[in-house]
Amino acid sequence: MTLSETQKTKLILLFLLLISSLFILGCSSHGKEDEEDVRYEFCPGKYFTSASEARNMLYYAVNQSSVSGGVKDPNGQTINGSGFQGPVNVADDNGGIWVADGYYDITNNTYGNGIYTLYFSIKSGNYETKREMNWDGFPTWNSTPSIDTSSANTQRIIGANSARIITGENTDGYTIKYRIKVYVAGLTTSKLFGQSKAVDGSQPLTYTLPRVSSSIKLVPVLVCEMYKNEKIQKILFYPDSAFTYNP
């Protein structure tokens with residue numbers, strides 16, 4: 001029994017339709033950031049040089065991979081060096097979320113408490129938001145944090161020790177989370193390489209570095225995020241020594 005030309009044509013069309021449907025479904029289910037769902041963080045922070053000594057800093061982040069922008073001071077002038085760039089890698093320990101992430105140390109300048117402005121441009125348009133900043137009432141670390149990068153070039157895993165902030169010291173009403181952030185070293189503006197998932201103080205804190213095609217110098221940072229109403233209100237950075245990460 002043989003197929004008629006009409007039957008053959010119908011089978012070919014059905015096959016082509018099936019292939020097309022699978023291709024469309026595959027493309028639409030592939031991970032893609034939502035350019036309309038624009039979320040950001042903008043808050044005061046402390047950049048620690050020891051467990052109890054810190055400099056004032058600004059922290060800002062946007063949940064988009066292609067972004068540019070910076071911060072304006074209370075006089076409306078752009079702060080030189082406050083720009084930030086899109087990340088090098090998807091934050092693969094954080095559910096695949098892309099985040100352009102920046103920080104700026106302002107202690108050695110004349111900036112103080114006041115209303116600051118974050119401005120940034122992404123594919124869907126230009127954005128601007130203001131926030132009154134002050135650097136009062138921050139907790140400190142209960143011991144000197146450190147990040148172990150000894151297995152970075154073998155197992156691609158880095159981890160922080162058990163150092164946490166002193167709870168009860170200016171922490172009432174906040175939800176406290178910790179994570180590891182890794183920045184590209186030697187740049188004039190902040191560029192995030194990747195970050196771990198945020199966890200509470202009882203959980204181990206590790207980050208698996210994405211593979212690289214060439215050597216890169218990185219700075220790991222232990223981070224404490226202080227939340228209210230699901231937004232970061234204060235943030236503490238404790239950077240460790242830069243290290244070279246190889247393929």
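Modeller: The model is predicted. Cys 43 has 0% relative accessibility and therefore counts as buried.

Biologist: What makes Cys 224 buried or exposed?

Modeller: Buried means under 20% relative accessible area. Cys 224 has a relative accessible area of 0%, so Cys 224 is buried.

Biologist: How many disulfides does the structure hold?

Modeller: The structure holds 0 disulfides. The label would require a pair of cysteine sulfur atoms within 2.5 Å.

Biologist: Which residues lie nearest the centre of the largest pocket?

Modeller: Arg 39, Glu 41, Val 99, Arg 179 and Tyr 227 do, out of 22 lining residues. The space in this pocket is about 450 Å³.

Biologist: Which strand gives the most to the lining of the largest pocket?

Modeller: E9 does, with 4 residues. Strands E1 (40-48), E2 (54-62), E9 (175-184), E12 (216-228) and E13 (231-239) each supply at least two residues.

Biologist: How do the residues of that lining divide into nonpolar, polar and charged?

Modeller: The lining of the largest pocket has 9 nonpolar, 4 polar and 9 charged residues.

Biologist: What is the volume of the second largest pocket, and which residues are closest to its centre?

Modeller: Its volume is about 270 Å³. Of its 15 lining residues, Tyr 103, Leu 187, Thr 188, Thr 189 and Ser 190 are closest to the centre. Strand E4 (100-105) and E9 each give two or more residues to this lining, and E4 has the largest share, with 3 residues.

Biologist: What is the make-up of the second largest pocket's lining by class?

Modeller: That lining has 8 nonpolar, 5 polar and 2 charged residues.

Methods: Residues are numbered from 1 along each chain as its sequence is written. This is a predicted model: local features need pLDDT of at least 70, side-chain atom pairs count only at pLDDT 80 or more; totals for chains, interfaces and linings use all residues. Side-chain values use heavy atoms; hydrogens and water are left out. Buried means under 20% relative accessible area, exposed over 50%, partly exposed in between (1.4 Å probe, protein chains only). On a 1 Å grid over the protein atoms alone, a cavity is a set of points where a 1.4 Å probe fits but cannot get out, and a pocket is an open set with protein on both sides within 12 Å along at least five of seven lines; lining residues have an atom within 4 Å of a point. Grid points are joined across faces, edges and corners, and a volume is the space filled by probe spheres set on the points. Ala, Val, Leu, Ile, Met, Phe, Trp, Tyr, Cys and Pro count as nonpolar, Asp, Glu, Lys and Arg as charged, and the others, Gly among them, as polar.
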